[in-house]
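Have the model open alongside.

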Amino acid sequence: MTYAPETTSAKAGHEPATKQRESLFSAYRTEIAIAVAIALVALAVGSQVPQALSWGNFANITQAGAPLIIMSLGVLLVVITGGIDLSVGSVFSLTGMVTAQAMAQGLGGIGAALAGLSVGLVFGSINGFLVTVVGLAPFVVTLITFAVAGSLAFIVTNGRSMPIGDPDFWLLNSGSLVPGIPNYILFCLVLLIAIEFFLKRMVAGRWFYAVGSSSTAAYLLGIPVKRTKFMAYVASSLLASFSGLLTISYILNAESTAGSSLMLQAIAAVVIGGASLLGGTGTAVGAVLGALMITVIQNGVNLIGINSFWQGSVTGFAILVAVLIDRFGKSRRSQR
C-alpha cells in the first residue's frame with residue numbers, strides 16, 4: 001500500500017530536475033554544438049601536430065583569444081539590439097596608441113590606462129548619440145567612427161609603433177589578482193558571467209532582446225529603447241578599449257594597425273556563437289565560444305603550417321556553416 005505513493009513521489013522529485021536539464025540543453029543547444037565543434041577541430045589538429053593538445057598550447061590559445069573574447073562580448077550587446085559596430089577594431093588600435101603616448105608623456109600605468117579607456121567612452125557615446133538621437137543608420141555611423149578612430153591611431157604617433165613605458169604594465173594581462181588564475185582568464189570569466197547573468201536574469205538585460213526583436217513594440221511596452229541602444233554602443237566601445245589594453249599589456253608594444261582585422265573577427269565570433277545580425281538573439285556563452293573557435297582555427301592553421309592567408313577563408317567558411325545551421329534550425333522549428 002505504501003510502495004506506490006513512494007514511487008510516485010520519487011518520480012515527482014525527478015521530473016523537475018529532468019525538465020531543468022532539458023530546458024538547459026534547449027536554451028544552449030547552439031553553444032553545446034559549438035563546444036563540440038571546437039573539440040573536434042582541436043583533435044583534428046592534434047592528430048597532425050601532437051603539441052596542439054598540450055597544456056602550453058591551450059594556455060597560448062586562451063591568452064591570444066582573450067582580447068577577441070572581450071571585444072566580442074561588447075559587439076554582442078549591439079548586435080542583440082539589432083545594430084552593428086564596425087568601429088571596435090579602430091577603437092582597439094587607438095586605445096593602445098593613446099595609452100602608450102600617455103606613458104611617454106609621463107603618466108603612470110593606471111593613469112595611462114584610464115586615458116585609453118576614455119577612447120572607448122568617447123567613441124561609444126558618439127556612436128550611441130548618432131544612432132539614437134540623430135537617427136542615423138548604425139552601419140553608417142560606425143563606419144564613420146571606424147575611419148576616424150583608425151586615422152587618429154596613426155596621427156597620435158605618426159604611424160610609429162610605441163613601446164609601453166611602464167615596466168609593470170604586463171601585470172594587467174599576466175598578473176594574478178586571484179592566486180592561480182591569470183588575469184586574462186579572470187577578466188574573461190567575470191565578463192562572461194556578468195553579461196550572461198545581465199542578459200538572462202535582469203529586466204534591463206531582457207530589454208536588449210526586446211529592442212532587437214522589435215524596437216517599435218518595445219517602445220509601446222514602455223521600454224527605454226534609445227537608452228538601451230545607447231548603453232549597448234558605449235559598452236561595446238569600452239570593452240574594445242579594454243581588450244586593447246589587455247593586448248598591449250601582453251606584447252608591451254602598441255601598433256596603429258593592431259585591431260585592423262579584429263572587427264570582422266568579433267562580428268564573426270558573435271554570428272558563429274548563434275546571434276542573428278537582425279537582432280533579438282544571442283548569448284554571452286555563444287560569443288565566447290565563437291571567439292574561441294576562431295582562435296583555435298587560427299592556431300591550427302599556424303601549427304599545421306598552412307599559409308596564413310587561408311585563415312580568412314577558413315573563418316568565412318565557419319561563418320557560412322554557422323549561418324546555414326541557424327537558418328535550418330529556425331526553419332525546422334517554424335514548421336512544427
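## A helix pair

At roughly what angle do the axes of helix H3 and helix H11 cross? The axes of H3 (residues 55-80) and H11 (residues 225-251) cross at roughly 175° and come within 7 Å. H3 and H11 therefore run roughly antiparallel to each other (angles over 145 degrees count as that). On the H3 side, the contact (heavy atoms within 4.5 Å) includes Gln63, Ile70 and Val78, and on the H11 side it includes Tyr233, Phe242 and Tyr250. By class, that contact has 16 nonpolar, five polar and no charged residues.

This is a predicted model, where local features need pLDDT of at least 70, side-chain atom pairs count only at pLDDT 80 or more, and totals for chains, interfaces and linings use all residues. Residues are numbered from 1 along each chain as its sequence is written, and side-chain values use heavy atoms, leaving out hydrogens and water.

## Helix H8

H8 (residues 183-201) has 19 residues and reaches 26 Å from first C-alpha to last, close to the 27 Å expected at 1.5 Å a residue.

## Glu31

Glu31 sits in helix H2 (residues 29-48) and is buried, at a relative accessible area of 6%. Leaving aside neighbours within four places in sequence, Glu31 is in contact with Gly273, Thr283, Val285, Gly286 and Leu289. Take Gly286: Glu31 is 255 residues from it in sequence, yet 5.2 Å away in space, C-alpha to C-alpha.

Definitions and conventions:
Axes are lines fitted to C-alpha atoms, for helices over the stretch in contact, and angles run from 0 to 180 degrees between N-to-C directions. Helices (H or I, at least four residues) and strands (E, at least two) are DSSP runs, numbered from the N terminus. Angles under 35 degrees count as roughly parallel, over 145 as roughly antiparallel, 65 to 115 as roughly perpendicular and the rest as oblique. Ala, Val, Leu, Ile, Met, Phe, Trp, Tyr, Cys and Pro count as nonpolar, Asp, Glu, Lys and Arg as charged, and the others, Gly among them, as polar. The expected span of a helix is 1.5 Å times one less than its number of residues. Buried means under 20% relative accessible area, exposed over 50%, partly exposed in between (1.4 Å probe, protein chains only).
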